[in-house]
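Below are my notes on the model, as numbered points. Please read them alongside the coordinates.

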Amino acid sequence: QVQLVESGGGLVQAGGSLRLSCAASGIIFSIDTMSWYRQAPGKERELVATAPSSGGSTKYADSVKGRFTISRDNAKNTVYLQMNSLKPEDTAVYYCNLLTVRSGVVNNYWGQGTQVTVSS
């Protein structure tokens with residue numbers, strides 16, 4: 001049973017920083033892809049950043065490039081999202097996602113979400 005637990009959200013002023021963490025429990029391999037998504041009120045959930053399997057390249061949404069950094073610690077099954085120079089438009093619920101493939105079956109797991117609010 002895979003579970004994802006996020007932490008680190010909160011209220012911050014524009015220009016500030018926050019660091020989100022997502023700890024995964026269960027059988028996780030370094031080849032699994034871990035990502036952060038976000039969903040603002042009235043909007044669809046969007047991909048923020050992806051940290052693919054070992055050796056792969058990270059990817060970012062254009063809106064966060066140069067401000068956010070995704071990283072992962074495979075030994076701890078944890079993925080992080082360092083968010084700098086935050087803007088009010090970054091306000092959203094941030095979700096951790098884990099994508100695994102086991103015996104050809106794709107599994108998609110989500111955390112419960114953590115609220116990030118950026119005040120102007």
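1. D62 is exposed, with a relative accessible area of 64%; the classes are buried under 20%, exposed over 50% and partly exposed in between, with a 1.4 Å probe and protein chains only. D62 forms a salt bridge with K65, and their closest N and O atoms are 3.1 Å apart. A salt bridge here is a side-chain nitrogen of Lys or Arg within 4 Å of a carboxyl oxygen of Asp or Glu.

2. This is a predicted model, in which local features need pLDDT of at least 70 and side-chain atom pairs count only at pLDDT 80 or more, while totals for chains, interfaces and linings use all residues. Residues are numbered from 1 along each chain as its sequence is written, and side-chain values use heavy atoms, with hydrogens and water left out.

3. The whole structure contains 5 salt bridges. One of them joins the side chains of R102 and D32, at 2.8 Å from N to O. R102 is in strand β9 and D32 in the loop between β3 (18-25) and β4 (33-39), so this pair ties together parts that are 70 residues apart in sequence. R102 is partly exposed at 23% relative accessibility, whereas D32 is buried at 1%.

4. R38 and D90 also meet in a salt bridge through their side chains, at 2.9 Å from N to O. This pair links distant parts of the chain, with R38 in strand β4 and D90 in the loop between β8 (78-83) and β9, 52 residues apart. Both residues are buried. A network of salt bridges links R38, E46, R67 and D90.

5. Y95 sits in strand β9 (residues 92-102) and is buried, with a relative accessible area of 14%. V5 is 90 residues from Y95 in sequence, yet their C-alpha atoms are 9.4 Å apart.

6. On the fold as a whole, the protein has 0 helices and 11 strands. Both are DSSP runs numbered from the N terminus: helices are H or I with at least four residues, strands E with at least two. Of the contacts with a separation of 6 or more, 53% are between residues 24 or more positions apart.

7. For 120 residues, a compact globule would have a radius of gyration near 14 Å, and the protein agrees with 14 Å; the radius is taken over C-alpha atoms, and the rule is 2.2 Å times the number of residues to the power 0.38. Of the 120 residues, 39% count as buried.

Key. Contact = heavy atoms within 4.5 Å.
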